[in-house]
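The sequence and structure come before the details.

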Amino acid sequence: MAVLLIFIPLFASILFLFIKGNMGKMIALTFSVINLIFSIYLLSSFDTQSDEAFQFAFNEPWVESLGISFCGGLDGISLLMVLLTNFLTPIIILSSWGKTPEYPAAFYGLILLMQAGLNGVFMATDGLLFYVFWEITLIPIWFICAYWGGENRIPVTIKFFIYTFAGSLFMLVGLIYLYLNTPIEITGNHNFSWEALQMAARSMDAAGQQIVFWLIFMAFAVKIPVFPFHTWQPETYTVSPAPGTMLLSGIMLKMGIYGVIRWLLPFSPDLVSSGYNLPIVLCIIGVVYGGWIAIKQTDMKKIAAYSSLSHVGLIAAGIFTLTIDGLQGAVIQMVNHGINIVGLFLAIELIERRTGTRDLSKLGGIASKAPKLSVLFMIIVLGSLAVPLTNGFVGEFLLLKSIYSINIYMAAIAGLTVIFCAVYMLRLYNLAIFGDVTSHTADMKDLNARETILMGIIALLVIILGVYPQPIFDISKQAIETFQTTLTLK
Amino acid sequence: MKLLIGLSVLAVITMMMGLFKSRKFVLPVVVLGLLGLLYIASGYGCYCEDKMFGMYINEHQFLKMFDINKNSGLVGLIMISGLLITILAHKGFNYTENHRADMHALMLFSMCGAIIAVSYTNMLMLFLGIEIMSIPLYIMAGSNKHDASSNESGLKYFLLGAFATGFLLFGLALIYGATGSFNINQIYNYTHNQLNVSEGIFKMGVVFTMVGLLFKIGAAPFHFWTPDVYTGAPNIITSFMSTVVKIAGFGALIFFFNGMLHPLGEEWGKTFAIISAATMILGNVTAVYQISLKRMLAWSSVAHAGYLLMTVAANGNNVPKAVVLYLAAYSLGSIAAFAVLITTGKENFEDYNGLGKRNKWLAIALTISLLSLAGVPPLAGFMGKYYLFTTVYEQYPWLVIIAICTSAISIYYYLKCIIAAWFKKGSEDAVQVPLTTVFVILVCILGLIALGLMPQPVLDLA
């Protein structure tokens, strides 16, 4: 039944081939809201105490002679990701209403195709099916960024495509390597299912696990992105149209982190549990590096892009510590970062739409012109600053705690993220919102009703999840405990 | 056997129709004929051939020389590709209006040769098949008489092809000298017993044959003719060369090496691995620098030959399956791309600027076919590549790593064309697509999607 989450948007995106004109945005919103309602229904019938590895599971044979099946399901972590995807998609669609893109039918069709792919990624429990969905998401986002993007978009998006495509191919080889090590079944074939691949990984020696780890790591490292595979990211975020940036930063990047939890760590258990620190070091370099560069930027979108690099580095580092805290923090921070970064890019987009610029040196005095925007923006900024009682705090606290339990120096360096973040975020907010009114902001209008609702929803979530994050812990608890037993977390 | 006889008779009839100037009926007759033959081939036709012309097959030396049943997958692929290209020729042969019938006949003869080349059980038939396939091609490549590059293409192909044929024949003769037989079963036994394998004359023969066959499939270092010949030849002929001929070449190659010389895999596997790596790198890297879609497709066909050669090198049990699946994906993708090329009649990337505005569906078709060639899931090209990698990985992991690196390069030049079609501004005149071409493109695109989602039937065929 959960499979409908993939097929509703997929069907809708095919429908968009035949739709012309402005009808598109209503239809897109309708389908994405249907999907949201459906995923909330799944949430309500999700059993947080269940012993099953995956609930709402579906399993159909696909290519039997290759050991591939169309199977998937939801555990706590993937349910949260699916919820995030289906919550953010209508928000992203709505955010584009104010400035309807050229060829709206194609645009919204691609967003829905993307949604289908993302839901598939988070639900798949078959290695090749996961890979197929993983790649399916790349095509629509590339078209969105390359067609509706800004200046210099073509070389930038080609770089993005080749980077991620190459990374994914390494993952494919890694999965094939595991697949060839799975036991041969009665049908005479190997098996591509998640459980079988995990078994295969267990039977491998350290050298084999190391190969698998690095091959699969490539794909996720590019997507997350982890230093030094990040070079595509800031440019791509900057040239993409706002909805594209939100999809990339809000959801697509979570694919990488989710991938690490589901498809990387269980496939190299001995390696990672024996205190393998290199990935953590890479992630922490990204944390500091992203934060440092963000301080120097004047383009608001670039600041948000580098801040994302910095935040996500911390999430990934937390996961690689393999502690319960790190994992729990990562899961909660994945959700919160998705909400915050989309809010951030939304606010930037709204300011750019009104003033025609994202350059901090040309902005100022928005507080007096657009108080509603300023207040809601403030809440979102505080959220990404991880101020207590906002959603960013819980996750970041757990993540830093987990790194501390591994190595105190690393924790100290990673802790810089909090300071850096305060510097660049407050600088951004200060320069844009306060100060003298400039020629660009002189006749700026405040938010209209639709935009207020959009920003309001996000700001509300920032506060609610900050004050009461318990539901996220409840949903993901069982999944993380299962993970603990399989990986023997410390 | 009925298939071959039918095909030859159809070719002769087509030729006669040219004589009587009944131009309009040529295409329907050829298409109906091919459909009928496909029916025969798919149904019972191939499987009840104990008796023919009142003779039992195993009594007659000639009929024992090939066996169409043994690789129905490749034969079917040749027939389907040939059929699609024939339909495409409705527009594709516009440049030689007066010789339509002749060209169709030549194409049918060439298909006969291709079928023989993938179903030989006797090396004599391998040679004859390759020749029957090639000689009409030399004519077809040069068939646009008023175009200098077409003439160049025909001449170049003929001279180099004749040279390669020499190698092939010499190689076969040497193998005969060493083993005393043309029959592949006997040669298999000879190599299986490992008696006098180290004999220089046998090895020389294998190497010469290898050169001849590698030339036909355009693998490095014998690929130099490919770009010039492919670019010079009329579009429709290029599509024929890059699909049907390639299928036949690979069929011949895998039955020679992975079939007949299977026991000696250790000795020739490494050579193929190196040739395959060189072909992949060379084809992909050079394709990046092309500014013409047609030339880019020519180089990409070299690159694809490299991928396919990986399986030959791996020499496992799944080689025919992997090759058939990959060739099916490759052929459908190529034919769709060439169909777009033939429709617009333009070769440079610049001419494709703004194709999305001129004809949305054509641009979608081009995008899907190129993405499939690049190996993006869930299209057929991905399944082909995936199966290839699984087949090869155990023996040559480094070859797979080279393959994925070159795949990453290849996405660049395929994207370049897609970008031209969608993101660049160009002329805005709508493109008219004839109904026949629409049909071909539709079949190819649906095939690419269906094969990507359900590759099982093709795997069962092989």
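How many residues does the contact take from chain A and from chain B? The contact takes 25 residues from chain A and 23 residues from chain B, two residues being in contact if their C-beta atoms, placed from the backbone, lie within 7 Å.

The model is predicted: local features need pLDDT of at least 70 and side-chain atom pairs count only at pLDDT 80 or more, while totals for chains, interfaces and linings use all residues. Residues are numbered from 1 along each chain as its sequence is written, and chains are lettered from A and ligands numbered from 1 in the order in which they are written.

**The side of chain A that touches chain B**

Helices H5 (127–136), H6 (138–148) and H7 (153–181) of chain A each supply at least two residues of this side. H7(A) gives the most, with 14 residues. Helices (H or I, at least four residues) and strands (E, at least two) are DSSP runs, numbered from the N terminus. By class, this side of chain A has 22 nonpolar residues, one polar and two charged. Ala, Val, Leu, Ile, Met, Phe, Trp, Tyr, Cys and Pro count as nonpolar, Asp, Glu, Lys and Arg as charged, and the others, Gly among them, as polar.

**Helix pairs**

Two packed helices are described by the angle between their axes and the distance between the axes. Axes are lines fitted to C-alpha atoms, for helices over the stretch in contact, and angles run from 0 to 180 degrees between N-to-C directions.

| Helix pair | Angle | Axis distance |
|---|---|---|
| H18(A) (391–406) and H19(A) (408–433) | about 150° | 6 Å |
| H16(B) (380–393) and H17(B) (397–423) | roughly 155° | within 8 Å |

H18(A) is roughly antiparallel to H19(A), a term for angles over 145 degrees. A:Leu400, A:Ile403, A:Tyr404 and A:Ile406 in H18(A) meet A:Ile408, A:Met410, A:Ala411, A:Ala414 and A:Gly415 in H19(A). This contact has eight nonpolar residues, one polar and no charged.

H16(B) and H17(B) are also roughly antiparallel to each other. On the chain B pair, B:Phe389, B:Val392 and B:Tyr393 of H16(B) make the contact with B:Pro397, B:Leu399, B:Val400 and B:Ala403 of H17(B). These residues divide into seven nonpolar, no polar and no charged.

**Strand hairpin in chain A**

Strands S1(A) (residues 55–63) and S2(A) (residues 68–74) run antiparallel and are joined by six bridges; strands pair if DSSP finds at least two bridges between them. The two strands form a hairpin with four residues between them. In the turn, A:Gly67 has a positive phi of about 70°. A:Glu60 stands opposite A:Phe70 in S2(A).

Note on methods:
Parallel < 35°, antiparallel > 145°, perpendicular 65-115°, else oblique.
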